[in-house]
Amino acid sequence: MIRAGKAAVRTAVVLAALAALATPGPAVRQAEPAPAGASATTGPVIRLAYRSLQPGEPVLVFLDNDGTVRSASVSLLGKTAEMRAAPSSPTPLGSGSGDLFAFLGIDVQAKTGPCVMTVKLRRAGGAVENVRKDLVIIERKFPSTKLQFKPEYVTPPASLQARIKRESELLALATSVVTPEWLGDGPFALPHDAPSWSNFGQRRLNNNVLQSLHTGLDVRVPFGEPIRASNAGRVVMASDLYYGGKTVIVDHGLGVFSSYGHMSGLLVKRGEAVRKGQTVGLCGTTGRSTGPHLHWSFKVLETRVDPEAMLRLPL
């Protein structure tokens with residue numbers, strides 16, 4: 001329990017680590033008990049849910065509102081997210097009650113060590129309260145490998161540089177606009193039942209020339225099989241990219257985006273609303289690829305996070 005300065009109410013910060021189970025789906029360990037004598041009903045409660053505090057991990061922040069908080073935001077590692085009405089809360093944001101939540105992420109290249117999460121609570125009457133929680137990001141070991149690609153995918157010719165630059169800018173733009181509402185439908189789901197290579201964060205030496213970082217997960221989907229949207233949202237990109245091949249990016253709201261790459265066919269268009277489980281394309285080997293597979297990745301407020309961890313979030 002953390003006392004909120006001189007305010008009459010208390011704000012509890014409860015850490016709930018997500019269990020790293022072998023099967024997908026939300027699983028939350030029991031939250032840490034409050035200190036002796038503390039009451040969980042004397043003010044709003046801030047709960048954190050995550051698999052681990054390591055590079056490449058998403059963090060869910062929940063605010064169990066007691067009716068005194070009009071709005072809230074949360075900051076971590078230079079990113080700030082406005083908290084919005086939680087999916088289970090029937091009360092709209094700004095009404096003075098109703099639970100709130102937000103997504104944050106620890107980027108795959110984040111530095112390890114101490115960091116601070118700050119939650120800003122804006123109360124009725126204009127009072128502002130900052131709740132600080134000290135966290136520690138611990139080291140994570142990532143795999144490494146050597147790959148062989150066609151030479152033009154490691155050292156592209158000058159004639160393609162303008163295209164590559166333009167596509168890079170479009171990708172950055174597509175995932176930079178935060179939709180201020182949650183578009184998802186329950187927890188995230190696998191885009192296909194095939195196993196993955198568990199290669200998120202893999203350091204790669206391509207053609208013994210170029211070192212790169214793999215910021216997604218490669219799923220061993222056979223050629224031509226359907227790829228499903230991991231959650232509901234809206235398509236912000238459906239294009240054939242030089243490196244990513246035929247790619248679909250879905251905006252799930254609140255700064256969360258999922259991406260599906262190297263497909264052989266696109267079955268949705270930009271601007272289209274998609275349901276969770278809807279087929280967005282067919283598996284292929286387009287772009288910089290060594291064979292048929294799905295490149296599946298996530299960004300949370302521009303931070304690159306592990307898709308397997310997204311499956312664990314208790315939504």
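This is a predicted model: local features need pLDDT of at least 70, side-chain atom pairs count only at pLDDT 80 or more; totals for chains, interfaces and linings use all residues.
Visitor: Where does S198 sit?
Guide: In the loop between α1 and β12.

Visitor: Aromatics next. How many pairs in the whole structure?
Guide: A search finds 9 aromatic pairs. One of them is F103 with W182, whose ring centres are 5.1 Å apart. Their planes are at 35 degrees, so the pair is tilted.
Visitor: Which parts does that pair tie together?
Guide: F103 lies in strand β8 and W182 in the loop between α1 and β12. The pair therefore links parts that are 79 residues apart in sequence.
Visitor: How buried is F103?
Guide: F103 has a relative accessible area of 1%, so it is buried. W182 counts as buried too, at 15%.
Visitor: What about F142 and F200?
Guide: They form an edge-to-face aromatic pair. The centres are 6.2 Å apart, with 65 degrees between the planes.
Visitor: Where are those two in the chain?
Guide: F142 is in the loop between β10 (128-137) and β11, and F200 is in the loop between α1 and β12. The pair ties together parts 58 residues apart in sequence. F200 is buried, at 3% relative accessibility.
Visitor: Which residues form the aromatic cluster?
Guide: F62, F101, F103, W182, F188, W296 and F298.

Visitor: Back to F103. What does it touch?
Guide: Leaving out residues up to four places away in sequence, F103 touches V59, L60, A81, W182, L254, V256, V300, L301, L313 and L315.
Visitor: Now the largest nonpolar core. Which members touch the most others?
Guide: F101, F103, I227, V248, Y260, W296 and M310, out of 35 residues in the core.
Visitor: Which strands supply at least two residues each?
Guide: β4 (57-64), β8 (100-106), β14 (217-219), β17, β18 and β22. The largest share, 4 residues, comes from β22.
Visitor: What other core lies apart from it?
Guide: One of 26 residues, including A81, V119, V131 and L135.
Visitor: Why would such side chains sit together?
Guide: In soluble globular proteins, nonpolar side chains tend to be buried together.

Visitor: How does the lining divide by residue type?
Guide: Into 14 nonpolar, 21 polar and 6 charged residues.
Visitor: Which elements supply at least two lining residues each?
Guide: β11 (144-147), α1 (161-174), β12 (203-206), β13 (210-213), β17 (245-253), β18 (256-263) and β22 (294-300).
Visitor: Let's pick a residue in β18. Where is S259?
Guide: In that strand, β18. S259 is buried, with 13% relative accessibility.
Visitor: What is S259 in contact with?
Guide: Leaving aside neighbours within four places in sequence, S259 is in contact with T247, V248, I249, H295, W296 and S297. Among these, H295 is listed with the residues closest to the pocket centre. V248 and W296 are among the core members that touch the most others.

Visitor: New spot. Which strand holds S71?
Guide: β5, residues 69-76. Beyond neighbours within four places in sequence, S71 is in contact with L100, K120, L121 and R122.
Visitor: How far is S71 from A85?
Guide: Their C-alpha atoms are 9.6 Å apart, and the two residues are 14 apart along the chain.

Visitor: Last, the whole chain. How many helices and strands?
Guide: There are 2 helices and 23 strands. Of the 315 residues, 48% are buried.
Visitor: What share of contacts join residues at least 24 apart?
Guide: 66%, among contacts between residues at least 6 apart in sequence.

Note on methods: Residues are numbered from 1 along each chain as its sequence is written. Side-chain values use heavy atoms; hydrogens and water are left out. On a 1 Å grid over the protein atoms alone, a cavity is a set of points where a 1.4 Å probe fits but cannot get out, and a pocket is an open set with protein on both sides within 12 Å along at least five of seven lines; lining residues have an atom within 4 Å of a point. Ala, Val, Leu, Ile, Met, Phe, Trp, Tyr, Cys and Pro count as nonpolar, Asp, Glu, Lys and Arg as charged, and the others, Gly among them, as polar. Buried means under 20% relative accessible area, exposed over 50%, partly exposed in between (1.4 Å probe, protein chains only). Contact means heavy atoms within 4.5 Å. A nonpolar core is a set of buried Ala, Val, Leu, Ile, Met, Phe, Trp, Tyr and Cys residues joined through side-chain atoms within 4.5 Å. Rings of Phe, Tyr and Trp (its six-membered ring) pair if their centres lie within 6.5 Å; planes under 30 degrees apart count as stacked, over 60 as edge-to-face and the rest as tilted.
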